[in-house]
Amino acid sequence: MYRVGYIDDEPTEFEIYRRSLQRRCKELELVLIDDCESKQDILDKIYEKQIDVLLIDYKMVKNYGFNGTTLINYINDSMRDIQCFIMTAVDTEQITDGLVAKRDKYSKNIFDTEAADQKKEAELRDFIQVLLESSKVFQTRRQQKLERYRELLEKKYQGELGADEEEFLELYKVLSSYGMVEKLPKNMLDSKFEERLQRILELGNAIIAEHEME
Amino acid sequence: MRKRVREIEFDVDAYTARLIGRENVSKLEGAVLEIVKNAYDADANVCCLYYSNTEECVYIMDNGCGMKEEVLRTHWMTIGNSSKKSSYVTKNGRIQTGAKGIGRFALDRMSDECDMLTISEEGGLEWIVDWRDFDGSKRISEVKAKVYDTDASLLEHVGIRIWRNQAVVSEIEKYNFSGTGTAFRLNHLHDVWDERTMKRLRNHLENLLPPDVIQNFCIWFFDDVTSVEEALITSANVESYDYRVDFQVTGNLVDIQIIRNEFDFRGEEQEVYTEAGFDEEEQAYLQGEKKKESFNMEEIGEKENFIGDFEGILYFYKIDADKKNRERFYYKDITGRANLAKKFGGIKLYRDQFRVRPYGEYGDNDFDWLELSARRNRSPAGLGKEHGNWRVGSEQMLGTVSISRENTNLEDAANRNGIQEGKGFSQLKRILLFVISEFERDRQSVGRKLARYADKKNQLAADLERMRQLAEERKRWEEEESVRRRQEKPTEAKEPPLKPNLPPSANPEDVVKLVSNMEQKQEEELEELRNENKMLQTLATTGIITNMFMHEIRTSTNNIGLELNAAYEAIEYDNDVAYALQNILRAIRVKKNFASWFGITIESIKKDKRKRRKHNIRTMLEQYMNTWNDILDKSGTDLIYECDSNIELWCFEFDVENIISNLIANSLASFDQEMDRRLEKREINLNIYRFESGLSMDYRDSGWGLIPKYKKRPELILEPFESGHHFDGEDEDDGTGMGMWIVNRTISEYNGAIDLSENQRTETGFYAKIILGGRNV
């Protein structure tokens, strides 16, 4: 099952979208992201609800103070891999802030299949296919990240992390938020951790050497 | 498995190399420009170009620093390599203008053979190349140029003693050509150097350098018969002008100085100043004092300065003015003025004192690179017009804009044809247009005052003339009458004449009737036109409002569709009738919202609103304001509205509605603006109260307020096509720039006024005080 996050400052039609999606693709579940005050709140909720792909309303200034395109920019700064789509009631051509590519903008009308109109139905199914594919890509990438993370974690234990420290922390943040890795004790995330570990190892070695001399 | 490693060099076909050069310097003018630039970059103080009609060859000579063998090998002979890329300030402090390493192809553009002597402090080198060697299938490394050491002097190399034009030679010999420099002899020329070519090149060279800027560098250009006066190139200059506008962009500031030189009040100064309403400050400007203005980038609609410092001088130069306008606007006499744009060009761009072609080049597509003509077509209003902006024509604006290679985002296009398009060049154009519009505003402010004064004077003059004629007729009639009476004997009783002896005249009653009929007809026609005008304004407002709420209207239509479709699917797939019913009920609720939208948009053009009558304002607006209240409530906006009950105004209903609709539409657009923080509240206050014989509206909102571009001069928003557009991106603006213009027009039709000055004092929110019919409608 893949989880499609839905963000809208006035989500009056959420239930319709949810049913429409569920009816056509059992693998997708539409999840409402609400009760947020800020962009950071939204980001935290995305992690918390284990979202794989996002649908975001464009006009949200009234209740949030920012538009959907600005939010996508913010989300992608922290989560590069997650695919976000803008949903709008206005003409997609009218969103001209240049923050989201044209292919990632959809009209909310896409869910209105006009009583099983063939063309409309095909458009919606294509869109659902895009959502499914984007979710799968996101999960695959997370899996790959997990492998890389394990590699780096091993290095960390060996005290050889060095310049990869930043990458490690970033991977840890995403993967732990998605519950894919065990939470590490706070002090282990500290950059001084390796130094301390090294010192302990050296001390240990010295003790062993001293002991052998005896 | 890999074996036997070896490296193979890249090479290029010689012909291709030549083609690249040709592409870069495609015109003869461009080639000449490159050569003069090289002389300037070499710190020369003179550059001579001589075409020998008898030998059919060209000699070029400068007294710059020449080239050392190392420079010749590594820079001159290496295509694409330029010694000016990294260090570009010469010993004498000139900023070198070339950098692409392709300028030398200019020589190829001009002739097949080139014989160059270059003398540096290390001695002389002669370099000979036949550009035809580049033809065929040779590789570039196989094409060789010959280089000799030589002790010949520059003057010997060009054989100045045998030049036909000895008059010019004697002038050239006064310069120091005994030391370093570079001289070329170009044989087998590609162009016919006839009189036309010479004229074209001379005009080009005259415009190569900005006037009065370059010291210590002169150009001689001549053939066998050119006179000394003509041979020395003098930069084209603007000697007479109507307006001069100097501007400097320094960091975040744009400084503008405007000099008016267009008006001559012919000894009537005091009368015109008083009657036309020029205050003391204005009078000083009309007498030639500079009008200084200063703006920061935000105030001109720019986020930041992407291009760095630059400056320029622009001239407004009318080519003709008919007698009527000359008298009406007190223009100075400009009889016999030539079209200077042909000689001087339009607005020309100079980089480090050298012309960047082809901007402002007369006859070229880029002559009007700021698209002034298109701008004028969009706003064709005359100078004295009260509504509508006067715009300058492309051939009336001349000048120079000076940039430097130190400016960022303004790189040369590789083909030597202008500047690379991009955000820097777009900003340059926008700033120039801003400077031009400041000048236009100044000129029109004078023009409007003078036009009003002329109209007032004309009316008086016409009345006076009519009275004078009547008086004369009366006088004549009285004289005739007294003569007639004297001729009659007073004692003789006579039969009264059949026809009274009065001057022939029309029946006064008929005249009164005729005049009254004519007035009525004229009034009817005017009324019809006024109504038509009002209708158009209302339609425009309807368009603006509909456009403004397109998102909400679309959302409502979408939602009706979605709900109905959901109901269909619930029954069809799930047989869930209860759920379907809920969907249908929601669709009906959304449908009801539409009624409100129609109340504001389509209803506004209902026929009964198009009749002028005496209205009680509170009653008239009741329904309309309730509708707005519904709409605003749904968009989370509070409307606090109050209106006195005793205001009576003779008006069209939709005029007052148009004003309110446009103001509210602007407020909502401001509320929806995305800023770095959330807007605290969405509130609109409208208070309408009685004022003199009309009404006053106090309007304010809690939005983000006017953008910096309008903060200092909020009245600018009343001009047509002004819209809150930040000019820093390619994104289109939502506004039409018509809303506040319509508001202003309507206000002036009701002898009203609008005061926006509160906006200057407050950081956020929008404020307007509007008076309608306060001084009789």
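Student: In which hand of crossing does α1(A) pass α16(B)?

Tutor: Keep in mind that this model is predicted. In it, the crossing of α1(A) past α16(B) is left-handed.

Student: What describes two packed helices in general?

Tutor: The angle between their axes and the distance between those axes describe the pair. Here, helix α1 of chain A (residues 14–24) packs on helix α16 of chain B (residues 550–574) at about 45°, and their axes are 11 Å apart. An angle between 35 and 65 degrees counts as oblique, and α1(A) and α16(B) are therefore oblique to each other.

Student: Which residues make the contact of α1(A) with α16(B)?

Tutor: From α1(A) come Ile16(A), Arg19(A) and Arg23(A), and from α16(B) come Leu562(B), Ala566(B), Glu569(B) and Tyr573(B). Sorted by class, 4 are nonpolar, 3 are charged and none is polar.

Student: How many residues does each chain give to the contact between chain A and chain B?

Tutor: Chain A gives 23 residues and chain B gives 22 residues. The chain B side consists of 8 charged, 8 polar and 6 nonpolar residues.

Student: At what angle do α5(A) and α6(A) pack?

Tutor: Helix α5 (residues 118–158) and helix α6 (residues 165–177), both of chain A, pack at about 130°, with 9 Å between their axes. That angle makes α5(A) oblique to α6(A). The crossing of α5(A) past α6(A) is left-handed. Among the residues in contact are Leu146(A) and Tyr149(A) of α5(A), and Phe168(A) and Leu171(A) of α6(A). By class, this contact of α5(A) with α6(A) has 8 nonpolar, 5 charged and no polar residues.

How values were computed:
Residues numbered from 1 in each chain as written. Chains lettered and ligands numbered in written order. Predicted model: local features only at pLDDT ≥ 70, side-chain atom pairs only at ≥ 80, totals over all residues. Axes fitted to C-alpha atoms, helices over the stretch in contact; angles between N-to-C directions. Helix = DSSP H or I, 4+ residues; strand = E, 2+ residues; numbered from the N terminus. Parallel < 35°, antiparallel > 145°, perpendicular 65-115°, else oblique. Left-handed = near helix turned anticlockwise from the far one by under 90°. Contact = placed C-beta atoms within 7 Å. Nonpolar A, V, L, I, M, F, W, Y, C, P; charged D, E, K, R; others polar.
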